[in-house]
Amino acid sequence: MADTQQVDAKADRKAAKLAKQITAFSKAHGGAEGQVAYIGQTGARIALVGEDGNWGNLVAPTYDIARKAVEKSGITVHEDFDGEFAAKVTTGRYEWTRMAGIQVGGPSNT
């Protein structure tokens, strides 16, 4: 029983730490919305989009911890990263260059 309590306490601390990072991102970008996606054994990705269009990702060790973190932070959480939510992301020259490089076999050195 003590092992379960230690695991729960550790998960709660991790969720609280992630919630603090989410809240900081939200404050820095005029608010934020997010989406949680399971990424296999690695855990879950928390995709964040600020009201100003800036975006970022956090990785939680489990899907449950990710869900707890976004709930604690109080941001709006979307089921999918599509439609109006995805349209809020602002991309710049860097992202377009990286995406183009991936499509043609990687970044060029010339």
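Predicted model: local features only at pLDDT ≥ 70, side-chain atom pairs only at ≥ 80, totals over all residues.
1. Residues are numbered from 1 along each chain as its sequence is written, and side-chain values use heavy atoms, with hydrogens and water left out.

2. The β2/β3 pairing. Strand β3 covers residues 55–60 and is joined to β2 by 6 bridges, antiparallel. Strands here are DSSP runs of E, at least two residues long; helices are runs of H or I, at least four residues, and both are numbered from the N terminus. Two strands count as paired if DSSP finds at least two bridges between them. The β2–β3 hairpin has 4 residues between its strands, and Gly-53 takes a positive phi near 95° there.

3. Buried means under 20% relative accessible area, exposed over 50%, and partly exposed in between, with a 1.4 Å probe and protein chains only.

4. The β1/β2 pairing. Strand β1 (residues 32–38) runs antiparallel to β2, with 7 bridges between them. Glu-33 stands opposite Val-49 of β2. The hairpin of β1 and β2 has 5 residues between the strands; in this hairpin Gly-40 has a positive phi near 85°.

5. The β1/β4 pairing. Here the strands run parallel, joined by 3 bridges. Gly-34 has Val-77 in β4 as its bridge partner.

6. The sheet as a whole. What is the strand order? It is β3-β2-β1-β4, an open sheet of 4 strands with mixed pairing. The edges are β3 and β4 (76–78), each pairing on one side only. Neighbouring strands are turned by 25° against each other on average, direction ignored. Axes are lines fitted to C-alpha atoms, for helices over the stretch in contact; angles run from 0 to 180 degrees between N-to-C directions.

7. Helix α2. This helix, residues 63–73, lies across β1, β2, β3 and β4. Its direction is at about 170° to β1.

8. Ser-26. This residue is found in helix α1 (residues 2–28). Is Ser-26 buried or exposed? Ser-26 is buried, because its relative accessible area is 16%. Ser-26 touches Gly-31, Ala-32 and Ile-75, not counting residues up to four places away in sequence. Contact means heavy atoms within 4.5 Å.
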